[in-house]
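Open the model in your viewer and keep the sequence panel beside it. This tour tells you what to select at each stop.

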2 protein chains.
Amino acid sequence: VKVAVLGVGLIGGSIGLAARRRAGAHVVGYDPDAGVLSSAVELEAIDEPAFEISEAVTDAELVFVATPVGVTTRMTELALQGAGPQCVVSDVGSTKHEIAAAIADPRFVGGHPLAGAETAGVENARIDLFDGATWYLTPGADVPVAGLERLRELIGKLGARPVEIDAHDHDRLMASVSHLPHVLANVLVAQAGRIAHQSRESLRSSDVQDQEQSSRLSVGPSFRDATRVAGANQAIWPDIYLSNRDALIEAIEAAIVELEQIRSALGEGDAEALTAWHALAFATREELKRAGLVPGP
Amino acid sequence: VKVAVLGVGLIGGSIGLAARRRAGAHVVGYDPDAGVLSSAVELEAIDEPAFEISEAVTDAELVFVATPVGVTTRMTELALQGAGPQCVVSDVGSTKHEIAAAIADPRFVGGHPLAGAETAGVENARIDLFDGATWYLTPGADVPVAGLERLRELIGKLGARPVEIDAHDHDRLMASVSHLPHVLANVLVAQAGRIAHQSRESLRSSDVQDQEQSSRLSVGPSFRDATRVAGANQAIWPDIYLSNRDALIEAIEAAIVELEQIRSALGEGDAEALTAWHALAFATREELKRAGLVPGP
């Protein structure tokens, strides 16, 4: 199978590595940065570099667009222009509704591998990046069965599990389990920064304190865990938020409604309501765990 | 030094273990549950059990009230009734303003060790539970210097660093770095539960899906980290929220204001505002790390 990868970073490079070695694919890579392309050849993430998109996709049976989400739609359009009639073009963007609405071509199948990306760049590409990962696919109604099957088969060989889902459902799910957690991590950090600053000022001005004490404020591990992703990957997150704006606005509004309810229960000293709410959160998390949505432990 | 521990659970038991072995203290333990007391003796967390509060605190130089936060104030009052004039009575509750306002006795010094408590009970007590931990103290202006020094010295021998802070500052800090993260974890879980349910229904009703697929929804590690504490320790958290209600309401209101700003920026497609906000979160988290507030990595 001949595979083209457009954008050879962490994700594109890992697709190339795994497709070559696990699926015996011939992988052509395109990247606007020629230095990236020569690294990719050296790292054996691609068999050959292409210096034009049209050159990369000619004769390809599968094309993966693995660029930052802000340019994915445009790159996908260019790929479809150059690709043959039997080719399937997929992407790896973390939101799917916007691109599905923009691209009417039946050869396009939206995709989203749930693979960690705390690092970036082809130099961090790994053959096992997708092992055990869910790889969402959002095929339109008119996608040819053979093409979709070819895509599913390759994704399986990359080590991932292809799971088909409606593009709008996908984005609402991602808004609630990924984008909103990132937003709330940023909110937590902003507030803690403000309060910590005030507390340090107060410690400094207190005459019972020794000089060093003002640097000894400390917090527990729950804050570290809750804010691990705050401000992460600055180059891509603002685009992700915007590409999923409708679903994310819906999720933020629902969060505001719930926070207002909690604020009211606190204001009224309603222990019963707080206890019921807290118990429900426990039960829901257990349910999500049983459903495999929250990885253990 | 003679130490009394009122409430011999995870925290009280760990204080007993460390005070006995590291400070050579004689530790008397009181607990309303006689079975807990005999376990504590077996585990060598206390030297001797007391079956009345007054018996436990007689002749004690330091008393630690280590009960759930809902009964801490009442237990502290009883301890102060029985304790001698030179005794210092401290607690380990996670909020400090309420108890400071309720208790006028100069022998009382509020305390709050930042020690993890994912487990509970004296059987999980550990001599090293406080190693390297910050132990906040909120002494009033009229606390005798010798008594405060005795308390600080023992806390140091338990392995922790005593840090003095104003009770109100402490509660605002905890609201932002501990109580609000717990509230937001519950909010995230509630929303994800609702959306996951809808998505599963949608997968089930889709004729392109195989039967098993509906159980294969999946999320990334950021959700797991952000919701690790959701619904945790149901027996104590509703009381913690309520005991810090003023500061927590303030933190929730600030979070709502920030969420409304983000919602507006998304609605207006304001990439510049989102980018600046996301970059600020990154910078603030780095600052909190440098200040030692967020433990690495």
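Which residue caps the N-terminal end of helix 2 of chain B? Select B:Asp33. One of its side-chain oxygens lies 2.8 Å from the backbone nitrogen of B:Gly35, at the start of helix 2 (residues 34-42). A polar contact here is a pair of N or O atoms within 3.5 Å; within protein, one must be able to donate a hydrogen and the other to accept it, and residues adjacent in sequence count only if both atoms are side-chain atoms.

Before moving on, some ground rules. This is a predicted model, where local features need pLDDT of at least 70, side-chain atom pairs count only at pLDDT 80 or more, and totals for chains, interfaces and linings use all residues. Residues are numbered from 1 along each chain as its sequence is written, chains are lettered from A and ligands numbered from 1 in the order in which they are written, and side-chain values use heavy atoms, with hydrogens and water left out. Helices (H or I, at least four residues) and strands (E, at least two) are DSSP runs, numbered from the N terminus.

**The sheet of chain B**

Show chain B as a cartoon. Its open sheet has eight strands in the order 3-2-1-4-5-6-7-8, with mixed pairing. Two strands pair if DSSP finds at least two bridges between them. Strand 3 (48-50) and strand 8 (161-164) are the edge strands, each pairing on one side only. Neighbouring strands are turned by 25° against each other on average, direction ignored. Axes are lines fitted to C-alpha atoms, for helices over the stretch in contact; angles run from 0 to 180 degrees between N-to-C directions.

Zoom in on strand 7 (residues 134-139) of chain B. Four bridges join this strand to strand 8, and the two run parallel. Pick B:Trp135: its bridge partner in strand 8 is B:Pro162. Helix 6 lies across several strands, including strand 1 (2-6) and strand 5 (88-91), and runs at about 170° to strand 7.

Select B:Ser90 in strand 5 of chain B. B:Ser90 counts as buried because its relative accessibility is 0%. Buried means under 20% relative accessible area, exposed over 50%, partly exposed in between (1.4 Å probe, protein chains only). The side chain of B:Ser90 reaches the backbone oxygen of B:Val109 at 2.6 Å. Leaving aside neighbours within four places in sequence, its contacts (heavy atoms within 4.5 Å) include B:Val63, B:Leu137 and B:Leu151.

Switch to A:Thr76 in helix 4 (residues 69-82) of chain A. A:Thr76 is also at 0% relative accessibility and counts as buried. Not counting residues up to four places away in sequence, A:Thr76 touches A:Val65, A:Val89, A:Ile99, A:Ile103 and A:Phe108.

**Rings and the two chains**

Show the aromatic side chains. There are eight aromatic pairs over all chains. Rings of Phe, Tyr and Trp (its six-membered ring) pair if their centres lie within 6.5 Å; planes under 30 degrees apart count as stacked, over 60 as edge-to-face and the rest as tilted. A:Trp277 and B:Tyr241 have ring centres 5.8 Å apart and planes at 50°, so the pair is tilted. A:Trp277 lies in helix 11 (residues 271-290) of chain A and B:Tyr241 in helix 9 (residues 237-243) of chain B, so the pair joins two chains. Both residues are buried.
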